Amino acid sequence: MATEEMERLVRREYTQGFVTDIESDTVPPGLDESVIAFISHKKGEPEWMLEWRLEAYRQWLTMKTPSWAHLDYPPIDYQAISYYSAPKKPEDRPQSLDEVDPKLLETYEKLGIPLHERAALAGVAVDAVFDSVSVTTTFKEKLAEAGVIFCSISEAIRDYPELVKQYLGSVVPQGDNYFAALNSAVFTDGSFVYVPEGVTCPMELSTYFRINAANTGQFERTLIVCDKRAQVSYLEGCTAPQRDENQLHAAVVELVALEDAYIKYSTVQNWYPGDEDGKGGIYNFVTKRADCRGDRSKVSWTQVETGSAITWKYPSCMLRGKDSVGEFYSVAVTNGRQQADTGTKMIHIGENTKSTIVSKGIAAGRSDQAYRGLVKIGPRAKRARNFTQCDSLLIGDRCGAHTFPYQEIGNSTATVEHEATTSKIGEDQLFYCRQRGIAEEDAVNMIVNGFCKDVFQELPMEFAVEAEALLNVTLEGAVG
Amino acid sequence: MSEDIQPSAEQRFLERLKARDAVRGAEPTWIAARRQAAAARFEAIGFPSKRVEQWKYTDVRRIRDGEFALTDDADFSPAQAAALTLPIEAIRLTFVDGVFSPELSDLADLPDGASVEPLTQALADNHEAVGAVLGRLTGVEFSAFAALNMAFAEEGAVIRLAPGTVVEPPIVVQFLSRANEQAVMSHPRVLIQAGARSQATVLEHFVGERDAANFTNVVAEVFLERGAILTHYNLQEAPLGDALVQSLQVEQDRDSRFVSFNVDLGGALVRHDLVAELNAEGAEAQYYGLFFAQGRQHVDNHTLVNHNAPRTFSDENYKGILGDRARGVFNGKVVVKRDSQQIEGNQSNANLLLSDRAEIDAKPELEIYADDVKCAHGTTTGQLDEDAVFALRSRGIDEQTARGLLTLAFAGEVMDKVGLDAIAERVELAVAGKLPERFNLGSLVETGLLEEGASQGGVADDRND
């Protein structure tokens, strides 16, 4: 392929980069106990919540940034970040889409997410997070009918303090790791879902996160609790405007599955990856963990990671209940100077627990990608079973793909398998497509999509379509 | 509190070094300088804790907190040595607790162009030739144990092959460990320089008296010039009280081939670091390993292949069998450097757990910076396939024997590649004899049942459950 053509495509501007000018109510950069008190006060939180945050903050102060990941980035100045930003006038929040700030709606239009349409047509309840405050929540009534609670975490703290108290931090404790501690101290929004016993959530729940207002890190906290025999599918999708300064994003997601519960959590992450020199992209340090507390519970993580300058993310499952199941399906695509260190942890504690890991990594340009996973079989996890497959595809000779799978097996009845391959797109495959009149780039897209099929088929339908499109855009021009 | 009063473990080792320096005769200045640098390095980094990624699963307290003296004599009963020695025709260098024993060595069959001698001899003959290569592969940033070795190193084996030399009989470097009243440590150094197109088999054999509890810390450096072929065996049958740390580093030139067989049967705490640098086109490294541990044995195998040049190849297969409360660690890493295109690297590790209290920590890693590569790794851990056990039992073989046979069959894939029958037999008998289930292997061999059992394979490591 012609080099100029390639260059042109690689240089394609981030089409979703723009800044919406909405006046923010932002605190000056910096972090101390007073900032945390400010956030807590702004959110109208009860005293115990503030205490909880401060506890996390004090632990954070004693911790060090983790350095084990295969990532290279300058140290982050946590005092240069502003920890709170919310659209003005929180009192008169829009009650329906008609009341939503037209500028915000416009933002969604630009993103190709016609909120009202999509919500109505697809039957998806959307809890849109625009910066830090939930702007609109739809389909509340329908969910309320089923008894499902779906609201922002701030509302949940106010309206369902008992549930929040019981579950918040029970999967990812405040001091779990550096970024989780930071999140626990300063989180400003996120979603809360509670599906009561025996209820199958009548629709797929979805939150679109959006980072806006320069210099503010986004610290969401998501908590999903599925009671006995309940089921829910949750979608998370992200995109962000273009800017120059690196933005820190440290989210925490906690899932709790009680007996016979099933949680499906899907993510498409397409944050700004930075320009061609790797400048300006999002730093994405996420802690996601599921606790399969009940017997026969199941949690399935599916992720498509195409954005962010740096991704540090290991959605995990603690398989505590007997016969509980954990799944992790991941496609990570890096191009330009992106770096991703991602994978999963499957901790088998209960008997007959099963886990499946399928990870597909595609590295192009000058990017670097690592799969890092842990499969731990405890001494009591009789007959535990794990299957892991992680494949990497390299496009171009300046990128890197790495695999660091850890296996700690302490039980002779366990069966654990790990397979990994690294290769490039076969010349013969390309040739086969080309001689049938398929353009090289289309052929590559086809092959790459085929490579990722195992993961895409786990995604909910619209997400799968979006993911394939995203993949094509991300890799456009990277192939020669 | 008490730490203020008692010297740290590192200090104790350094004290011993100082005492040793005082009595050691004059040496070339370069050795003294390297000794000093290594001691400084060791003092700076200390023994690795479990927080060090490379030592995450291995606790070195057994070594760190041990009291190990140094010894100067190589007395060993010839009868007992004969019983321990591998019964093969070989060129043999024997070290007793790290001290060279001329009586137990046999250098008679050496062909022209090959030189096999103790390090002290090589230094006396031409210390500059040794100094030119010694320590080249451990580098400056060497590990704590390599540093400790350099600081203490006095003896070892130097094997040199002139271009085109082919040595038929295996060269055995035997390390005997004695049941001393005071545990001792030794820091042998092995240096192998294989000239262009030369060919040889080197066997490092670790064995000793049953009640020994010594610490052996070997550093081996292997240089393969263009087209050289070296087959390296590690037969590790160290006494069950011994601690062994072995670092084997290989540098390979164009079209050279290095084949490593690493067999671990003994030792209380064993750690191997095997590193090959494939520096030029056509270089190939093959690693085959078998570790069998029971009781409270701890065996840690770290392997690394650096594909530093295009069209270099590696293949690796390690099998682990763990019973009782034994713990095994396998960490295999394949690194493909930038612009090292058309690489093939394969890595496979299978583990068999025979007990619920045994543990395996496996980590097969790939680090790849080039796109035109074919690299794959796989690892499995499981137990014996109950269907296979049943199949054997339905043919009138008692359960224990059936399990033993299947365990041997599991090891078979690696053992089949072993070119020295004496080793294969020794291993087979050791594994069979050491299996928790006792059975009479000899009679089975006679009736030809072993082959049948072995060919059935049948370990539950395939995907079908």
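Good morning. I begin with a pair of helices in chain B: H3(B) and H7(B) cross in the left-handed sense. What you see here is a predicted model. Helix H3 of chain B covers residues 29-45 and helix H7 of chain B covers residues 144-152. Their axes approach within 8 Å, and the crossing angle is roughly 145°. From H3(B), the contact draws on Arg34(B), Arg35(B), Ala38(B), Ala39(B), Arg41(B), Phe42(B) and Ile45(B). H7(B) contributes Ala144(B), Ala147(B), Leu148(B), Met150(B) and Ala151(B). Sorted by class, this contact has nine nonpolar residues, three charged residues and no polar ones.

Let me turn to a helix pair in chain A. Helix H3 of chain A, residues 47-61, packs on helix H9 of chain A, residues 178-186, at an angle of about 145°. Here the axes are 7 Å apart, and H3(A) crosses H9(A) in the left-handed sense. On the H3(A) side we find Arg53(A), Ala56(A), Tyr57(A), Gln59(A) and Trp60(A). They meet Tyr178(A), Ala181(A), Leu182(A), Ser184(A) and Ala185(A) of H9(A). By class, the contact of H3(A) with H9(A) comprises seven nonpolar, two polar and one charged residues.

I return to chain B for its domains. The assignment places domain 1 at residues 2-280 and domain 2 at residues 384-465. How many residues of domain 1 of chain B are in contact with domain 2 of chain B? Ten residues of domain 1 touch eight residues of domain 2. On the domain 1 side, strand S10 (229-237) and strand S12 (257-264) of chain B each supply at least two residues. S10(B) gives the most to that side, with three residues. The class count for the domain 1 side is nine nonpolar, one polar and no charged residues.

Next, the contact between the chains. Chain B brings 35 residues to this contact and chain A brings 34. On the chain B side, strand S19 (359-368) and strand S20 (373-382) each provide at least two residues. That side of chain B has 14 nonpolar, eight polar and 13 charged residues.

Which strand of chain A pairs with S20(B)? The partner is strand S22 of chain A, residues 415-424, and the two strands run antiparallel over seven bridges. One point of reference is Ala420(A), whose bridge partner in S20(B) is His377(B).

I close with confidence. For the complex, the predictor reports an ipTM of 0.75 and a pTM of 0.81. Chain B has an average pLDDT of 86, with 91% of its residues scoring at least 70. In chain A the mean pLDDT is 79, and 77% of the residues reach 70 or more. Two stretches of chain A deserve mention. In residues 209-216 of chain A the pLDDT is below 50, and the model gives this stretch 33 contacts beyond near neighbours in sequence. Residues 240-244 of chain A are also below 50, with 18 contacts beyond near neighbours in sequence.

In chain B, the pLDDT stays under 50 over residues 434-465, a stretch with 51 contacts beyond four places in sequence. Domain 2 of chain B, you will recall, was assigned to residues 384-465. Where pLDDT is low, predicted coordinates should not be read in detail. Thank you.

Terms used: Residues numbered from 1 in each chain as written. Chains lettered and ligands numbered in written order. Predicted model: local features only at pLDDT ≥ 70, side-chain atom pairs only at ≥ 80, totals over all residues. Contact = placed C-beta atoms within 7 Å. Helix = DSSP H or I, 4+ residues; strand = E, 2+ residues; numbered from the N terminus. Nonpolar A, V, L, I, M, F, W, Y, C, P; charged D, E, K, R; others polar. Pairing = 2+ DSSP bridges. pLDDT = per-residue confidence, 0-100. Axes fitted to C-alpha atoms, helices over the stretch in contact; angles between N-to-C directions. Left-handed = near helix turned anticlockwise from the far one by under 90°. Domains from an automatic or database assignment.
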